[in-house]
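Please read this briefing alongside the sequence and the structure, which are shown next.

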Amino acid sequence: MQGFAFAWALNFLLMGCVLFFTETLKAPLTSPYYNEKPWEQGGKIYQSLGINVFRKLLVWVGWEKLNKKSSPVEKNTTALMHLHYRTKQSELGHIIILMIVLGVNIFVAFKFGILKSLWLLVLNILFNLYPILLQRYNRPRIERVMNMSTHR
């Protein structure tokens, strides 16, 4: 329960389970939680937390290319609405995983010591917290484009 391999495997195992759950559930995800909050300052808070560096990291490791290949973005309102929904779906999945891994992280820290739980913390931030921030950063931008396309 300690080390990089365990942290990596736990995150990816949970990603597979949560992806199955969110794809099967197909909930409308209309909660006000998903709306942009005033404290988000139009994404400035995320920029100060390094979201643009994280986006470049996703391009560098090939995630963006893989993601666009599996679900390319079309230039129409229906596709934008689908993409908007997918940001909510992705955020929900990453929140679930973040909480589970955080629980495991706390358990490992108490049972084996804080140093033994560091990989869980680091990978939880990279694999779950930053993807949540990225969805919250992108969704208002997608909403603005959707609003512009419906006003045409």
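**Briefing on selected residues**

Q41 counts as partly exposed because its relative accessibility is 45%, where partly exposed lies between buried (under 20% relative accessible area) and exposed (over 50%), with a 1.4 Å probe and protein chains only. This is a predicted model, in which local features need pLDDT of at least 70 and side-chain atom pairs count only at pLDDT 80 or more, while totals for chains, interfaces and linings use all residues. Residues are numbered from 1 along each chain as its sequence is written, and side-chain values use heavy atoms, with hydrogens and water left out.

**The loop between α1 and α2**

- Q41 is placed in the loop between α1 and α2, and although Q41 is not a glycine, its phi is positive at about 50°.
- K26 also sits in the loop between α1 (4-25) and α2 (44-48), helices being DSSP runs of H or I with at least four residues, numbered from the N terminus.
- The phi of K26 is near 50°, a positive value in a residue other than glycine.

**Helix α6**

- Q135, which lies in helix α6, counts as buried because its relative accessibility is 13%.
- Leaving aside residues up to four places away in sequence, Q135 touches T87, S90 and E91, a contact being heavy atoms within 4.5 Å.
- R141 is also found in helix α6, and R141 counts as partly exposed because its relative accessibility is 33%.

Conventions. Helix = DSSP H or I, 4+ residues; strand = E, 2+ residues; numbered from the N terminus.
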